[in-house]
Amino acid sequence: MTALTLKPDGAATLRTDAVVVGVAKGAKGPTVAPGAEAVDKAFDGKLAAVLQTLGASGAEDEVTKLPAPAGLKAPLVLAVGLGAAPEKGESYGSEQLRRAAGTAARALKGTAKAAFALPVESAGDVAAVAEGALLGAYAFTTYQGGEKTAKGAGNGPKQPLADVTVLGGKPRDKAHKAAAERAVALAAEINRARDLINMPPNDLTPESFAAIATAAGKENGVKVEILDEKALTKGGYGGLLGVGQGSVNPPRLVRLAYTHSKADKTLALVGKGITYDSGGISLKPPGHNETMKCDMSGAAAVFAAVITAARLGLRVNVTGWLALAENMPSGSATRPGDVLRMYSGKTVEVLNTDAEGRLVLADAITRASEENPDAIIDVATLTGAMVLALGNRTFGIMANDDAFRTAIHDVAGDVGEAAWPMPLPADLRKGMDSPTADIANMGERMGGGLVAGLFLQEFVGEGITWAHLDIAGPAFHEGAPYGYTPKGGTGSGIRTLVRLAERTADGDLG
Ligand code: BES
Ligand code: MN
Ligand code: ZN
């Protein structure tokens with residue numbers, strides 16, 4: 001994990017490998033953003049002109065590397081685009097800073113140390129730059145560079161930036177220090193979640209995921225309980241068992257509990273943890289199954305949020321439920337037409353074994369409801385329909401309470417996650433009527449993301465506030481990296497869940 005240090009100033013004098021400066025898009029060409037005055041001075045005040053000569057515009061995600069002039073201790077200056085400069089009297093936006101820091105950190109892969117001389121005015125700015133840098137300094141290299149015949153060093157992949165200094169950050173200022181500590185905990189857990197998502201499904205099974213959760217729980221004072229296939233059978237968890245029965249890797253339900261002695265609210269988080277979604281007997285065609293190791297991103301997000309809440313010592317109880325199973329076709333797999341008896345007692349006719357997420361979540365939501373939490377939030381890569389509706393970068397929010405849905409949308413905006421409220425139209429329920437069982441696991445194709453939401457809603461305990469985040473679009477990034485978003489697992493939803501827990505701890509939510 002990348003180390004983080006705050007320093008009030010010293011862009012010119014700091015012993016480091018690179019100094020990052022911000023370039024904004026101005027009306028008359030690129031302008032050097034505040035925070036880089038000492039660096040500009042070393043360029044005789046001509047840094048903007050030099051950058052313009054090199055073709056820089058200050059656009060987002062633009063990187064220009066320059067050899068440092070005499071007068072700077074660091075050998076390299078990296079100018080990163082911030083996009084449009086703020087209006088006079090306004091500050092740079094958090095997400096603007098987070099993305100620029102992330103882009104710079106990514107461009108410095110293979111470098112050991114860098115100082116970020118970006119426009120930092122407040123503790124919020126410290127948080128944004130730190131988060132962006134720590135999230136940008138991520139690489140999934142576990143499976144690379146281990147060839148036995150490789151000759152010595154230099155054959156492995158480039159390592160992420162190891163050491164980040166945020167200039168403009170005051171280590172003795174309480175708010176700055178707290179912002180830095182929060183960023184370190186949050187980024188570490190997001191990066192761990194990314195590792196889990198990126199881990200190939202032959203290594204990440206329900207059992208090994210549960211073992212990882214157990215170890216992390218122990219380390220962070222979080223209680224972990226695991227229901228294995230025996231306990232699930234005994235308890236009648238027909239959803240988890242039905243989805244998992246085609247695989248040689250049996251299902252697990254993991255309960256993580258972070259508690260605070262002075263908490264007066266409890267949040268229950270439920271994550272879809274399909275370690276591989278082949279579709280089952282309703283097998284996915286080629287082109288749709290290559291990335292389905294990502295189908296446990298919801299469980300990874302819940303895991304990360306609970307551990308982060310514990311690391312930050314938030315004054316709120318947070319319970320995490322990881323609904324883990326592998327969805328495979330085999331002679332023992334659930335068939336389309338089978339009826340499952342769920343943990344709630346409800347029967348479900350499985351019309352499509354590829355609509356498995358709602359089955360494992362239903363059991364976990366019923367179980368979570370038994371503890372009567374103040375709210376349940378489930379997170380899931382649930383439907384392709386949500387990706388069609390909102391694209392690859394935005395998750396959908398559904399809820400049984402309008403104010404709660406709005407609050408989550410606000411929180412997401414606050415932490416820089418793209419999200420959008422979606423409805424749960426009652427008329428779509430009848431499409432799931434089954435001639436054989438209480439409900440079918442599939443309904444109308446149109447509005448498929450909302451149909452899935454309506455299915456889950458049926459398993460929420462009476463009177464419990466509930467929201468559903470469908471992160472199928474943003475959970476796994478297949479395009480080129482941008483800002484602090486790498487290729488592969490992104491850690492979508494985690495920042496929203498953590499802020500939600502903080503708001504709940506502060507008494508700002510109902
Ligand atoms: N895991 C998929 C949803 C998904 C799609 C996640 C694309 C990430 C990217 C889910 O289990 C699924 O297969 N859903 C089906 C439901 C349908 C059969 C009712 C879908 O969306 O096609
Ligand atoms: Mn599926
Ligand atoms: Zn799935």
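**View 1. Gln96 and its contacts in the predicted model.** Gln96 touches Leu82, Gly83 and Ala84, leaving aside residues up to four places away in sequence; contact means heavy atoms within 4.5 Å. The side chain of Gln96 also reaches the backbone oxygen of Ala84 at 2.6 Å. Such a polar contact is a pair of N or O atoms within 3.5 Å; within protein, one must be able to donate a hydrogen and the other to accept it, and residues adjacent in sequence count only if both atoms are side-chain atoms. Gln96 belongs to helix 3 (residues 94–107). Helices (H or I, at least four residues) and strands (E, at least two) are DSSP runs, numbered from the N terminus. This is a predicted model, in which local features need pLDDT of at least 70 and side-chain atom pairs count only at pLDDT 80 or more, while totals for chains, interfaces and linings use all residues. Side-chain values use heavy atoms, without hydrogens and water; residues are numbered from 1 along each chain as its sequence is written, and chains are lettered from A and ligands numbered from 1 in the order in which they are written.

**View 2. The second largest cavity.** Helix 3 supplies the largest share, four residues. The cavity has a volume of about 40 Å³. On a 1 Å grid over the protein atoms alone, a cavity is a set of points where a 1.4 Å probe fits but cannot get out, and a pocket is an open set with protein on both sides within 12 Å along at least five of seven lines; lining residues have an atom within 4 Å of a point. Points are joined across faces, edges and corners, and a volume is the space filled by probe spheres set on the points. By class, the lining has two nonpolar, four polar and three charged residues. Ala, Val, Leu, Ile, Met, Phe, Trp, Tyr, Cys and Pro count as nonpolar, Asp, Glu, Lys and Arg as charged, and the others, Gly among them, as polar.

**View 3. The largest cavity.** The structure holds three cavities of 30 Å³ or more. The largest has a volume of about 70 Å³. Among its lining residues are Gly242, Asn327, Met328, Thr353 and Glu356. Six lining residues are nonpolar, five polar and one charged.

**View 4. The largest pocket.** Its space is about 1300 Å³. Of the 44 lining residues, Lys284, Leu382, Thr383, Gly384 and Ala385 are the closest to its centre. Helix 11 (384–390) is one of the elements that give two or more residues to the lining. The largest share, six residues, comes from helix 11. The lining has 16 nonpolar, 17 polar and eleven charged residues.

**View 5. Ligand 1.** Of the 16 residues around ligand 1, Lys284, Asp295, Asp354, Glu356 and Gly384 come nearest. A residue counts as near if one of its heavy atoms lies within 4 Å. A polar side-chain atom of Asp354 is 2.8 Å from an oxygen atom of the ligand. For an N or O atom in the side chain of Asp277, the distance to a ligand oxygen is 2.9 Å.

**View 6. Ser297 in helix 9.** Ser297 lies in helix 9 (residues 297–312). A polar atom of its side chain is 2.6 Å from the backbone oxygen of Cys294.
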